[in-house]
Amino acid sequence: MASSSDLENPISSASLPYSYAPLPDGEQQATNEPAVRHPKKAAFFLVSALLAVAFLVALIAGNGLKLPNDSNTNDVLSAMSTPQKVTPLSRGVDKGVSDKTFHPMLGADNSYPWSPNMLDWQRTGFHFQPQKNWMNDPNAPVFYKGWYHLFYQYHPDAPVWGKIVWGHAVSKDLINWRHLPIAMETDQWYDEQGVWTGSATILPDGQLVVLYTGSTNESVQVQNLAYPADPSDPLLINWVKYPGNPVLVPPPGIDIKDFRDPTTAWKTPEGKWRITIGSKLNKTGISLVYDTEDFKTFELLDGLLHAVPGTGMWECVDFYPISKQGENGLDTSVDGPGVKHVVKASMDDDRNDYYAIGTYDAFKGKWTPDNPTLDVGYGLRYDYGIYYASKTFYDQNKQRRILWSWIKETDAETADINKGWASLMGVPRTIVLDKKTQSNIIQWPVVEINELRTNVTAFKNVLLEAGSIVPLNIPAASQLDIVAEFELDEETVLRLNGGDVAYECAKSGGAAQQGALGPFGFSVLAHEGLIEHTPVYFYVAKGVDGNLKTFFCADQSRSSTAGDVDKSIYGNIVPVLKGEKLSMRILVDHSIVESFAQEGRTCITSRVYPTKAIYNNAQLFLFNNATAAKVTASVNVWQMKSADI
Amino acid sequence: MTFSLGKANFIPQVLRIKNFNMKFTSLIMIFFSHLLLQTPFIVMGDRRLIESTCKATPSYNLCLSTLMSNPKSTNGDISDLGLIMVGATKSKATRAIQHIKSLYMSHPELRHSLNECAQMYMAVVRADVPSAIQALDGGQPKFAEDGMADTAVETQACERSFNGRGQKSPLTQMNKDIENIANVARAIIRMLL
């Protein structure tokens, strides 16, 4: 069992092939003790030294004393100061949706007798996942010499998180994948406890470099440089870790465990490379900025890229330009008047990914949100369901900005251990600025996914009376692509009196809670008698001012009869502009459902674990559970082939 | 580049003292007296942390006795207290496997359920506990919480193995103990989130 405390063995720590090279300063020659001339004195000295060190250590550790602040030893000592011993505050309740990790209730019997049959069904047909064991964050996604590469946090030994290495897979089309050997193992002292998240940068001459976080043998978070062993190998099978690693260590004032996930680099006006790394200062989430010319030595900028109080640790920070007018993605270095910049962070405290659109000042290395009230951590999320540690890359092959994300399990870990695997990647999404609203991005599954569509069934102008449900009789309803448009009948909408709209997907009764103008949508992974079903729906409400507010929700509350799975309802308001019909797209793929409203303005990813609505018993229904309005729906449903994964 | 975390840095401090014997002895005496003077404060401060931590868990007494009986708790922060509790969970789960093995021979009629329980506890010892320790050491408590939450679920699944076959479980007390301690560990880990 690893001990977190090196207090027990201060001397043995000193004799390790140590973590950090001492400063090139005469006073710090820790390992170069002057020769002791007399053996007896040597013995006495050693014993006394041992005692002295032991007492000093006990004293300081016991009381958190700061060591004397000698200017030469400042940097060394500040990195050594004991971590704050403050009782952590509970998570802010002001974050709105409090959905955190799913967890079974304490005290209840939370085990369900999952059969191998039920568990086997949960594996997906077209979502990226390794053959077995645990995956988390996507790493260094990149298009290189004709191949899309995906690396990922991987625990090779068990379907739970652990000592993480970099898994690796390649694809020509982002949909069919070839698994490759582990790219990087925990084989150096500076990543012995984990080869954690990192990003790739392609240099103008085509060279590829990777910066990643290593958790050292002492569990300190440092940044390391790695590059392909053979740059002419398009599959990038073998990697070399720069012998001079780590290239970055936690700077003064930053906790040794709050320094991780370096971004792709972008060019500065001076022609240097710039990266950002998330961290925190007390409860303020921050993003540190470093400039470098060679990815080996870095200069920490005085200011931060951005900071938001109350948001806690920023993990997996991402920073990238989006075009104001164009439909393409932009290389990470692009800047100029036609460009806005997105800052995104994964909030460790609430396990959601937040982003904001703003303006980047390249000279100062600072970014300011367009709307400070919807700042990073308080405003928009990429996805209102399960979606974390996401990362984008610029796909120079098709000039797109593509988003990858880790989708964790929301079942009991026991089931993961039984089924032998845990976690998926979401279907990669393209990101562009929403030209109509100008205040959010739009995400949409990459077009390549459409290659899996087959056997379309179309329903045109199906009239759904208030309180009706229609089975769509689609076989193989575990792998579907559903695209639909809905229209509420004008007459009812106009006739209705508006009222206070206090609806929130997460706090609602889900699809069972009826309103005058909603909910309506689809029930996916539905059992014949609806003992299990997962509604994805719109809920429209008329405000006091006569304007309509539209909510888009995915309801897991009746998704499974098992007691040990997450039954939350996810969702958010979705902007609907004048003249727009309500539209949704749903990708159903066994235990994952990805839902998109208004062409990707609001997205929801859900994990679903039915016990009965599986295999041939999984069905699709269309419903309108409103009390007043009729809804007209036009639907295309495709069965989805499985990809090679 | 900055940093070094080695306690080895203290040695050069000591090296700078020129007249070893005399100055060193007086240094030792100062340390002794400091230590003696500070001792009540160390004990009081840490006891307060342990008490307030345990109050926020579902089993105060179990939490308190487990932490107080481990010397590492006297200098620990909440992460260290979490590690102690995870360690205690591991010990109990390891003993559970031994106990189950001993029952296997004496209760052949319960073999199916006992076997299932052994598997569950092996999952705890091989997967949940190492994951939680790795996560607490690495500063990623969210993964540690997953591990302890699962441990509690495994104890319930073990009980269910017997009940599901209409058998009386010989492991009820043991399962409850481990469920309780895992829930305490989980509650402590939540404080880090």
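Chain A has a mean pLDDT of 88, with 83% of its residues at 70 or more. Here pLDDT is the predictor's confidence in each residue, from 0 to 100. This is a predicted model: local features need pLDDT of at least 70, side-chain atom pairs count only at pLDDT 80 or more, and totals for chains, interfaces and linings use all residues. Residues are numbered from 1 along each chain as its sequence is written, chains are lettered from A and ligands numbered from 1 in the order in which they are written, and side-chain values use heavy atoms, with hydrogens and water left out.

**Confidence**

The model scores ipTM 0.78 and pTM 0.83. For chain B the average pLDDT is 85, and 79% of the residues score at least 70.

Some stretches score under 50. In chain A, residues 1-38 stay under 50 in pLDDT, and the model gives them 62 contacts beyond four places in sequence. Contact means heavy atoms within 4.5 Å. Residues 58-101 of chain A are also below 50, with 79 contacts beyond near neighbours in sequence. In chain B, pLDDT is under 50 over residues 1-15, which have 49 contacts beyond four places in sequence. Where pLDDT is low, the predicted coordinates should not be read in detail.

Helices (H or I, at least four residues) and strands (E, at least two) are DSSP runs, numbered from the N terminus.

**Chain A: domains and backbone**

Across the pair, 28 residues of domain 1 of chain A are in contact with 25 residues of domain 2 of chain A.

Most residues other than glycine have a negative phi, and most peptide bonds are trans. Chain A has exceptions. The bond from A:Asn245 to A:Pro246 is cis, with omega near -5°. A:Pro246 sits in the loop between strand 8 (239-241) and strand 9 (266-267) of chain A. A:Gly518 and A:Pro519 are also joined by a cis peptide bond, with omega about 10°. A:Pro519 belongs to strand 27 (residues 517-526) of chain A. A:Ser219, a residue other than glycine, has a positive phi near 60°. Its place is the loop between strand 6 (208-215) and strand 7 (221-228) of chain A.

Two helix pairs are set out below. Axes are lines fitted to C-alpha atoms, for helices over the stretch in contact, and angles run from 0 to 180 degrees between N-to-C directions.

| Helix pair | Axis distance | Angle |
|---|---|---|
| Helix 4 (residues 78-106) and helix 5 (residues 111-138) of chain B | within 9 Å | roughly 160° |
| Helix 3 (residues 60-68) and helix 7 (residues 172-190) of chain B | 10 Å | about 80° |

Helix 4 and helix 5 of chain B are therefore roughly antiparallel. Angles under 35 degrees count as roughly parallel, over 145 as roughly antiparallel, 65 to 115 as roughly perpendicular and the rest as oblique. The contact of helix 4 with helix 5 of chain B has 20 nonpolar, three polar and three charged residues. Ala, Val, Leu, Ile, Met, Phe, Trp, Tyr, Cys and Pro count as nonpolar, Asp, Glu, Lys and Arg as charged, and the others, Gly among them, as polar.

Helix 3 of chain B is roughly perpendicular to helix 7 of chain B. Helix 3 of chain B contributes B:Leu62, B:Cys63 and B:Thr66, while helix 7 of chain B contributes B:Asn180, B:Ile181, B:Val184 and B:Ile188. By class, this contact has five nonpolar, two polar and no charged residues.
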